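Hi,

Here is the structure I promised to pass on. Have a look at it first, and then read my notes below.

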Amino acid sequence: MTQPLLELDRLSISYRTRRGAVPAVVDVSLSLNPGESLGLVGESGCGKSTIAFGIMRWLAGRGQIVGGRVLFEGRDMATMSPAELRHVRGKRIAMVFQEAMSALNPCLTIGAQLTEVLRFHEDVVGPEAERRAKTMLSEVRIPDPDRVYRAFPHEISGGQQQRVVIAMALLANPALLLLDEPTTGLDVTVEASVVKLIAEVSRRFGTSLLYISHNLALISRVCERIAVMYAGEIVEEGPTRRILTAPIHPYTRGLIACLPESGADKVARPLAPIPGQIPAPWERPAGCFFMPRCAYAVPGRCDVAHPPLIDDGTGAQVRCVRADEIGPERVAGVAGQPPAAAEGISVAVDNLSKDYKITPPGLRGLLPFAEPLRIRANDHLTFNAEAGRTLAIVGESGCGKSTFARILTGLERATGGKVEVAGADLGQLSVIDRSRDQLRALQMVFQNPDETLNPSYKVGRQIARVAKRLLSLGRKERAQRVQDLFAEIRLPPGIADRKPRHLSGGQKQRIAIARAFVGRPDIVVADEPVSALDVSVRAAVTQLLMEIQRAHGTTLILISHDLALVRYVADTVVVMYLGQVMEAGSTNQVFSGPHHPYTELLLKAQPKLDNDQGLDAPVEGETPSPLDPPKGCPFHTRCPRKVGTICEAARPPEQVTPAGHRMACHIPMADLARVQEKELT
Amino acid sequence: MTDVAATQKKVTLLSLLRESPILVAGLSILGFWMLVAIFAPLIAPFGPNQNLVPMAPPGSRTPDGRLMLLGADHLGRDVLSRIIYGGRTVLTYAPLATLCAYSVGVTLGLIAGYKGKWVDELLSRFADLVLAFPVIVLYIVIIQKFGASGLNILVAVTLASSPGIMRLVRGVVLDLRTRAYVSAAQMRGESTFYVMFVEILPNARGPLIVDACLRLGYVTITIGTLGFLGLGIPPPTPDWGSMINESRHFAMVFPHMAVFPCLAVSSLVLAFNLIADGLRELSLAD
């Protein structure tokens, strides 16, 4: 048997805080063979990033390895001198972090930063270094290595920055690559291509991978083995296939059950959120850490002793005393409900456009009457939202979906066209000009749970303030309303007296939903309401949003890039690209096809659990700059089904089926249906 | 679900000392001067304007045998007593002047940052204009024009400091106004005043509190400078700056007349700076 490349032997890491030592990682043992790839999944706060920093011995001031060893190539990292460590870091172990922009030095060119790696670790300089750097740039699929080599980090896109960071990590040909959420913050399409790249290059260079992510679907694309972490320890570890198809530990089951299955909708298979939240290190129970949230827990067995990690005989390990007893059945979700019947049109968007003026870059911008550049964020949008139902707007970042939300809610004014709500055109009516009833009728749930509530005030007070402004309720009635809403969002009323910083992301987002529904609005706009949350919390918040919407008969406009979520929640879907509507129709029409080539691309990029050949998705290319959008069909630069010069020259006609499925494409829908059908079989 | 709030620690002097000894040091010095100022009549051995022995060196005695610990000045006034009473002057005017400067600076900064566009342009250019003007000249112009008085010191300090405060607030507001909770407030029809002062301002407090402590130090120096230039609180009110000014002709021969007021000014400025550093340290620790 070969010697493992990396071995963690009962590693424990604690952070010193005001509360005393907080154990972040407890007794973690892992081994990684040369060329192997291991995924580390778990919710935020489970200690997965701490492990990566522990391996590199890079724990900032307050972190400390309090037990166990890290063996790299058979040597204990703790015994290495600072000079040896410096050699190992970067040369033998390389790391790719979450934010590529902060990993690159904004003052140096990409070339300078790449060749520095070679100079430092291999003493290679001059033309040889430049040649190798450029070769590596083309290895990571950067289309124009010569230009990028001379560019500064801000001159290339986010996806390219992450590629450059990967190139930099691979330049010294390390034996181990640590990836800590390398694709967070990237668009799905870019994410898919970066993940594909990581899998390819690690195979080609024989690099071992330790891939840290909260996204089980992404990890399953890259890794041969998966270790699931919960509250600082490993609860299940084994080959990817086995973990995904036959998870044993209730937490792993929960993680899988709360992902919307591709192809499933809210009627067929409701999401099964994991109740509760991950316990803080000082709140961990005596027995099994997961017990308070576990559906299979048996008092007297699970809360007695802390369960050990047991080998189950198939090359996998599970930390559960009931591993042999609990059957393969799924956790039952909340029963699904049929889609609400449409009750007329709630929001009618007609030829809506929005231009942003920006000062031209460089010296020209300093001229007093310089012609401002125009960015068309919304380009003649036309669609309707049906009352009491859910309309989803999907697209990559920069497609104008959030701009639309800002116009609808009055935070921006449209440049042209109309948005009609209850007989009034709201397109030109900004918040200050809207009547109180118009404000009440239209509320919003924002994306970032950390920004959505004012950190200075108790959350109950913030909700009561809305009741005062929009409903003119008296003091007593306000308190009652707050209490009712807390019951509705299933939070204990005591939370009302806390400030946002004492709440978890999921709780904050629930409060934000409550705040939007205080005035019993007719329409709620939700801009990526769950994208910043952990997977298990995501399911619960999604469920809650849908329930509240149904209870109030509210029209929900959901803005999201997550197609699985959209398919699960929405009744109708609008697909946007560079400010234009590419496709619109019922959820069923959009997802079962024929698809617009852009929708097809998004669907292929979507990470799926049940996708064996997931890596062949042809998702190269990035959104062009909205400052200089392509002529003709905006999507022609990336379209895999481009038919010819007509795509570059003419704006595609809108095709409409009798059932209401709309699509802007030069290829007739029947033909699209035929080719897409053929590819599937 | 356990109660997070309940696990919060109570702030005690001991825990504060462990977290930030710098802050405790600063607070101690400030506390010392505040006690001295409040109980001045009880502590001071002589009245501030009582004429005893001119130019008496430190440690000498009055004819009736009372000790003049820090000596007396050219008019025979006890230096220690004048420093003790002078603490009252500076600890009244420095916080008052800072408060005035903050009221003006914060309001303008909120307006400039929140309203943006031409309002911001106008206010910012005006602030640049004031900032570009040499501060000392500005003080001299104001006080020469309106005469030396406590009120005019407040006016001068406010005019000179508020543009800097405005810029600081404007910068913080530019960031905070894009927060979702501000949009949420706008969407429930809150007035501009409410959004600026109730939604945004409390969240800008972190950098503002630190800056206010630093600025208290600057203002202390400014009041000293004005006193030194003879533009401060009119005599014979004891004031550390004026004490240094009055003694400068004799400073080569009788350094005690200038050195002790100088030390007093430095220690108070140091206290404010330590407090600012300590607060910054604490805010970074969370």
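How many bridges join strand 6 of chain A to strand 7 of chain A, and do the two run parallel or antiparallel? There are 4 bridges between strand 6 (residues 93–96) and strand 7, and the two strands run parallel. (Strands pair when DSSP finds at least two bridges between them.)

Before I go on, some housekeeping. This is a predicted model, in which local features need pLDDT of at least 70 and side-chain atom pairs count only at pLDDT 80 or more, while totals for chains, interfaces and linings use all residues. Residues are numbered from 1 along each chain as its sequence is written, and chains are lettered from A and ligands numbered from 1 in the order in which they are written. Helices (H or I, at least four residues) and strands (E, at least two) are DSSP runs, numbered from the N terminus.

**Around strand 7 of chain A**

Strand 7, helix 8 (residues 188–205) and strand 8 of chain A together form a right-handed β-α-β unit. Right-handed here means that, with the strands pointing away from the viewer, the path from the first strand over the helix to the second runs clockwise.

Strand 7 (residues 176–180) has 4 of its 5 residues buried, so it is largely enclosed by the rest of the structure. A residue counts as buried if 20 or more other C-beta atoms lie within 10 Å of its own, exposed if 12 or fewer, and partly exposed in between, with C-beta atoms placed from the backbone.

**Strand 20 of chain A**

Strand 20 (residues 555–560) of chain A has 6 of its 6 residues buried, so it too is largely enclosed by the rest of the structure. A:Thr555, A:Ile557 and A:Ile559 point one way from this strand, A:Leu556, A:Leu558 and A:Ser560 point the other way, and all of them are buried.

Which strands does it pair with? Strand 15 (residues 390–394) of chain A is joined to strand 20 in the parallel sense over 5 bridges, and strand 19 (residues 523–527) of chain A also runs parallel to strand 20, with 5 bridges. A:Leu558 stands opposite A:Ala392, and A:Leu558 is also the bridge partner of A:Ala526. From strand 19 the chain crosses through helix 18 to strand 20 of chain A, in a right-handed β-α-β crossover.

**An antiparallel sheet**

Chain A also has an open sheet of 4 strands in the order 2-1-4-5, with antiparallel pairing. Its edge strands are strand 2 (20–32) and strand 5 (75–76), each of which pairs on one side only. Strand 4 (residues 63–72) and strand 5 of chain A are antiparallel, over 2 bridges, and A:Leu71 stands opposite A:Asp76 in strand 5.

**Two helix pairs in chain A**

The axes of helix 17 (residues 505–517) and helix 18 (residues 535–552) of chain A are 10 Å apart, at an angle of about 15°. That makes helix 17 roughly parallel to helix 18. Axes are lines fitted to C-alpha atoms, for helices over the stretch in contact, and angles run from 0 to 180 degrees between N-to-C directions. Angles under 35 degrees count as roughly parallel, over 145 as roughly antiparallel, 65 to 115 as roughly perpendicular and the rest as oblique.

For helix 5 (residues 126–139) and helix 7 (residues 158–171) of chain A, the axes come within 9 Å and cross at roughly 125°. That makes helix 5 oblique to helix 7.

**Chain B**

Chain B has 12 helices and 2 strands. Its C-alpha atoms fill a box of roughly 75 × 55 × 25 Å, taken along the principal axes. Of the 286 residues in chain B, 43% are buried.

One residue to look up is B:Thr222, which lies in helix 10 (residues 205–228) of chain B. B:Thr222 has 24 C-beta neighbours inside 10 Å, so it counts as buried. B:Thr222 and B:Ala156 are 66 residues apart in sequence, and 9.8 Å apart in space from C-alpha to C-alpha.

Cheers
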